[in-house]
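I opened this chain to see how its parts are arranged. These are my notes, in the order I looked things up.

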Amino acid sequence: MNELYISVRNLTKSFGKRKVVDDLSFDVHKGEFFSACLFIEIHLLKNGWIYFIIYRV
């Protein structure tokens with residue numbers, strides 16, 4: 001297996017008390033190509049609702 005280049009473990013993103021990404025983990029090894037190819041807007045509304053707009057790039 002190729003050498004580990006990037007390792008992300010247990011990534012969490014919150015807006016106030018609301019967790020919008022929970023426990024995201026991934027590895028990228030040397031020589032691999034990694035791309036999410038997405039643009040994500042995250043909106044927190046005053047009423048507490050969260051909504052996402054996802055654009056494919």
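I began with the pairing of strands E1 and E2 in this predicted model. E1 covers residues 4–15 and E2 covers residues 18–29. The two run antiparallel to each other, and I found eight bridges between them.

Next I looked at the turn. The hairpin of E1 and E2 has two residues between its strands. Gly 16 in this hairpin has a positive phi, near 65°.

I then stepped back to the whole chain. I counted four strands and zero helices. Read from the N terminus, the order of elements is β-β-β-β.

I followed the chain past E2 to Lys 30, which sits in the loop between E2 and E3. Which residues does Lys 30 touch, leaving out those up to four places away in sequence? I noted Asn 2, Glu 3 and Tyr 5. I also checked Leu 4, which is 26 residues from Lys 30 along the chain. The C-alpha atoms of Lys 30 and Leu 4 are 6.0 Å apart. Is Lys 30 buried, exposed or partly exposed? Its relative accessibility is 48%, so I put Lys 30 down as partly exposed, the class between 20% and 50%.

My next entry concerns Trp 49. I located Trp 49 in the loop that links E3 (38–44) and E4 (50–56). The relative accessible area of Trp 49 is 61%, and because the cut-off for exposed is over 50%, I recorded Trp 49 as exposed. Trp 49 belongs to a nonpolar surface patch together with Leu 45 and Tyr 51. The accessible area of these three residues together is about 340 Å².

I also took some totals. How many residues does the chain have, and what share of them counts as buried? There are 57 residues, and 9% count as buried. The chain exposes about 5,200 Å², of which 56% comes from carbon and sulfur atoms. I looked at contacts between residues at least 6 apart in sequence, and 21% of these join residues at least 24 apart.

Last, I checked confidence. The chain has a mean pLDDT of 77, with 77% of its residues at 70 or more. E1 has the highest confidence, at a mean of 83, and E4 has the lowest, at 70.

Key:
Residues numbered from 1 in each chain as written. Predicted model: local features only at pLDDT ≥ 70, side-chain atom pairs only at ≥ 80, totals over all residues. Heavy atoms only, no water. Pairing = 2+ DSSP bridges. Patch = residues over 30% accessible without salt bridge, like charges linked within 9 Å, V, L, I, M, F, W, Y side chains within 5 Å. Areas by Shrake-Rupley, 256 points an atom, 1.4 Å probe, with all protein chains shown as cover. Salt bridge = Lys/Arg side-chain N within 4 Å of Asp/Glu carboxyl O. Buried < 20%, exposed > 50% of the residue type's maximum accessible area, 1.4 Å probe, protein only. Contact = heavy atoms within 4.5 Å. pLDDT = per-residue confidence, 0-100.
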